[in-house]
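Here are some worked exercises on a pocket and a ligand shell. Please have your viewer open and try each task before reading its solution.

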Amino acid sequence: MEKSKVVLCRCESYENADVAVRRMLDELDVQLPTEKTILLKPNLLTKALPEKAVTTHPAVFAAVGGYLRDKGCDKLSYGDSPGTHFMGTLSISKVCGIHDEAEKLGIALADFEEGAEVPYPEGKSAKSFIICNGVREADCIVNVCKMKTHMLERMTGAQKNLFGIVYGFNKGATHVKYPNSVAFAKALADLNNMYPPILHVMDGIDAMEGNGPSGGTVKHMGWLLASVDPVALDTVACLLMDLDPELVPTNTYGAAYGVGNTAFDKISVTVLEGESREEIDCGEVRARYAVKDFDVYRGAADKGKIKHLAPFEPLLRKKPVIDGDKCVGCGICVESCPAEKKAVGFKKGEKIPSYDYKLCIRCFCCQEMCPKHAISAKVSPLARFIDRNWKI
Ligand code: SF4
Ligand code: SF4
């Protein structure tokens, strides 16, 4: 069986992104459907300047768009349904710098303001999604994602980025329907099978570590990645973060549902550094390039095998907490909470919201959307202790 190919291209600066992306995509050598309408899907999570590493950097977006244009792909559009979709894709893309680059390349903004239900009877977990019109109108997708940490799935890369094709508030409803990292990863795997992008490019030049995907800190990694297999791409990204790929449910269920490969012996990695080109395996990627101090959650507590510890689950689960010194009382977390009875809200006379953890499904939408990065995930001392002592 042919291995999934991941191309890893050293790129230290966004100024060189154009040259690096071209070299990387030439190496990958994907047959592009020039006659078809292609939707570019960057990460436009929320209004953030490019240097914050919350969104796909405009230089990478422009490089991919320019490459597609030069290869004869004329029918290009772009879009993403952001977490803060009430801000509108257009205004977010302007702040993120994507809008300007799209205009220069003549890439139109697709319709992400409305969507419709699309059935998916083949889905193993999810039988339908509400999909944005701009996606339904396109023939195929090129995924231009960002390397970041994520509170629910530990990291967000190629597979998770596709969640932005789900329309607006329905993303919250999807979290409610699939309310933990495993159930959500299974639904994401169905979504990736339902709308499989023809190409995935990851912006890993400046990644986000810590309190991602919006409130973390910038970590310079100096890599661009590309593949037609999103699971293999995310697996290699995990190795760069020094995160065991098995701990990421999107890898496990992406592979189980046939989206792609996470097993090391089914992935080949071509590394482009300077003038050199080398083929290595996943073990060698980890040995050479893993960034040991990359701040990502490596504990095993939510690996999904804690049945005998079920009575203690409330103690073991991460929970969102608000830093009152950072909170400005804007209420975006309350608005973002998809739980039917809001699990976060303002008590009478209080300016800072508080949680009802009995209602909270731990989707971390509130943490993702807080513009002041006032929300983080708290792991209980017991969970930390168990993580340290047993691989459960
Ligand atoms: S979104 Fe953040 S800043 Fe706004 S109320 Fe919630 S915690 Fe406070
Ligand atoms: S309070 Fe936060 S983590 Fe809990 S359900 Fe609401 S958005 Fe999700």
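**Exercise 1.** How do the residues of the lining of the second largest pocket divide into nonpolar, polar and charged?

*Solution.* Start with the conventions: this is a predicted model, where local features need pLDDT of at least 70, side-chain atom pairs count only at pLDDT 80 or more, and totals for chains, interfaces and linings use all residues. Residues are numbered from 1 along each chain as its sequence is written, and side-chain values use heavy atoms, with hydrogens and water left out.

Next, the classes: Ala, Val, Leu, Ile, Met, Phe, Trp, Tyr, Cys and Pro count as nonpolar, Asp, Glu, Lys and Arg as charged, and the others, Gly among them, as polar. The lining then splits into 11 nonpolar, 12 polar and 8 charged residues.

**Exercise 2.** Find where the second largest pocket lies.

*Solution.* A pocket is an open set of points on a 1 Å grid over the protein atoms alone, where a 1.4 Å probe fits, with protein on both sides within 12 Å along at least five of seven lines; lining residues have an atom within 4 Å of a point. Here 31 residues line the pocket, and Pro82, Gly83, Lys171, Glu368 and Met369 lie nearest its centre. Domain 1 (4-289) and domain 2 (307-389) both contribute to the lining, so the pocket lies between them; the bounds come from an automatic or database domain assignment.

**Exercise 3.** Describe the shell around ligand 1.

*Solution.* Collect residues with a heavy atom within 4 Å of the ligand. Among them are Cys327, Cys330, Cys333 and Cys370. By class, the shell holds 10 nonpolar, 2 polar and no charged residues.

**Exercise 4.** Count the secondary structure of the protein chain.

*Solution.* Take DSSP runs as helices (H or I, at least four residues) and strands (E, at least two). The chain has 15 helices and 16 strands.

Methods
Chains are lettered from A and ligands numbered from 1 in the order in which they are written.
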